[in-house]
Amino acid sequence: MPPLRCGHVSITGDFRENNEDRCLVDPASRFFLVADGMGGQSAGEKASELATELIARKLEQSIDFDAGKSEKVLRAIDEAVAHANSEIIALGEVNSDCHNMGTTIVLLVAVADRFYVGGVGDSRAYLLRDDRLEQLTKDHSMTQALVDHGTISPAEAATHRYRNVLYRYLGTKEGGTGAGARELVPRAGDRFVLCSDGVTDGVKDDALRRILAEEDDPQAAAEALVAAAQAGGSKDNITCLVLHVE
């Protein structure tokens with residue numbers, strides 16, 4: 001595994017009373033998770049907490065991080081996400097305070113010399129490589145579905161009234177159908193971002209690319225991205241994790 005440096009920030013923001021986002025960093029730098037919970041009262045907080053804890057535990061149990069084969073790693077990621085999804089649904093059914101709770105998840109898993117990046121919902125992963133920013137995950141939102149069908153343009157999607165309405169997230173039947181993870185060979189100099197939509201609602205891609213490129217310390221980059229999202233009018237909790245490949 002290449003040496004990694006990580007920085008992360010999660011704030012409640014200016015418009016919410018509590019922080020329903022969760023960020024989990026494995027102490028051994030084997031996996032990194034960001035979740036954005038939803039639901040009444042503290043249900044969103046519970047959903048994101050459950051998702052990160054259960055997925056982390058499953059990944060630890062089922063992956064050989066030194067020599068895992070691609071197919072097995074991808075299957076383990078999907079099984080971990082499906083397990084968390086079913087537990088969130090089950091708790092929502094037995095606890096009235098947690099009824100209809102849900103959460104997004106975006107993750108990066110480092111196994112041997114490969115990274116695996118995937119997610120469910122509209123929390124995103126990005127890669128900055130050779131000064132080019134690429135979104136690695138796909139939003140499971142109504143607006144992205146409309147863009148995919150050619151009904152609206154990407155520019156229209158940015159301000160569409162349904163841009164934060166999800167058709168897939170953990171806590172629904174569709175949430176357990178896979179994380180769509182992709183396999184990458186990391187390179188020295190790569191910079192990755194995992195973030196909740198609190199970041200992307202307040203920071204456009206150009207600004208995200210610039211801040212990532214300018215900040216050589218991942219903690220400073222995470223703090224700058226969260227501050228930019230807040231200044232940009234983000235109305236949600238804001239969580240950002242930045243990973244540098246040495």
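Is serine 234 buried or exposed? Serine 234 counts as buried, because its relative accessibility of 1% falls under the 20% limit. The model in which this residue is described is a predicted one. Its protein chain contains seven helices and 11 strands. The radius of gyration is 17 Å, close to the 18 Å given by the globule rule for 246 residues, so the chain is as compact as a globular protein of that length.

**Overall architecture**

- Taken along the principal axes, the box filled by the C-alpha atoms of the protein chain is roughly 45 × 40 × 35 Å.
- Of the 246 residues in the protein chain, 48% are buried.
- Among contacts in the protein chain with a separation of 6 or more, 72% are accounted for by residues 24 or more positions apart.

**Nonpolar cores**

- The largest nonpolar core comprises 31 residues, and those with the most contacts inside it are Ile55, Leu59, Ile63, Ile77, Val109 and Leu170.
- Two or more residues of this core come from each of β3 (31-38), α1 (43-62), α2 (70-94), β5 (105-111) and β6 (114-120).
- The element that gives the most to this core is α1, with eight residues.
- Leaving aside residues up to four places away in sequence, isoleucine 77 touches Leu59, Leu107, Val109, Tyr116, Ala179 and Ala181.
- A second, separate core has 19 residues, including Tyr126, Val199, Ala221 and Val226.

**Largest pocket**

- The volume of the largest pocket is about 1000 Å³.
- Its lining consists of 36 residues, with Arg124, Arg163, Asn164, Thr200 and Asp201 lying nearest the centre of the pocket.
- At least two lining residues are supplied by each of β3, β7 (124-129), α3 (142-148), α4 (154-157) and α5 (197-200).
- By residue class, the lining of the largest pocket divides into 10 nonpolar, 13 polar and 13 charged residues.

- Serine 234 is located in the loop between α7 (218-231) and β11.
- The contacts of serine 234, not counting residues up to four places away in sequence, are with Phe15, Gly198, Asp201, Gly202 and Ala229; of these, Asp201 is also one of the residues nearest the centre of the largest pocket.
- Serine 234 and alanine 155 are separated by 79 residues in sequence and by 18 Å in space, C-alpha to C-alpha.
- Histidine 244 belongs to strand β11 (residues 238-245).
- Histidine 244 has a relative accessible area of 2% and is therefore buried, the limit being under 20%.
- With residues up to four places away in sequence left out, histidine 244 touches Pro3, Leu4, Arg5, Asp190, Arg191, Glu215, Asp216, Asp217 and Pro218.

- Most residues other than glycine have a negative phi.
- Aspartate 130, although not a glycine, has a positive phi of about 55°.
- Aspartate 130 sits in the loop between β7 and β8 (132-135).
- Aspartate 130 counts as exposed, because its relative accessibility of 67% is over the 50% limit.
- Aspartate 131, likewise not a glycine, has a positive phi of about 65°.
- Aspartate 131 also lies in the loop between β7 and β8.

Note on methods. Residues are numbered from 1 along each chain as its sequence is written. This is a predicted model: local features need pLDDT of at least 70, side-chain atom pairs count only at pLDDT 80 or more; totals for chains, interfaces and linings use all residues. Side-chain values use heavy atoms; hydrogens and water are left out. A nonpolar core is a set of buried Ala, Val, Leu, Ile, Met, Phe, Trp, Tyr and Cys residues joined through side-chain atoms within 4.5 Å. Buried means under 20% relative accessible area, exposed over 50%, partly exposed in between (1.4 Å probe, protein chains only). Helices (H or I, at least four residues) and strands (E, at least two) are DSSP runs, numbered from the N terminus. Contact means heavy atoms within 4.5 Å. On a 1 Å grid over the protein atoms alone, a cavity is a set of points where a 1.4 Å probe fits but cannot get out, and a pocket is an open set with protein on both sides within 12 Å along at least five of seven lines; lining residues have an atom within 4 Å of a point. Grid points are joined across faces, edges and corners, and a volume is the space filled by probe spheres set on the points. Ala, Val, Leu, Ile, Met, Phe, Trp, Tyr, Cys and Pro count as nonpolar, Asp, Glu, Lys and Arg as charged, and the others, Gly among them, as polar. The radius of gyration is taken over C-alpha atoms; the globule rule is 2.2 Å times the number of residues to the power 0.38.
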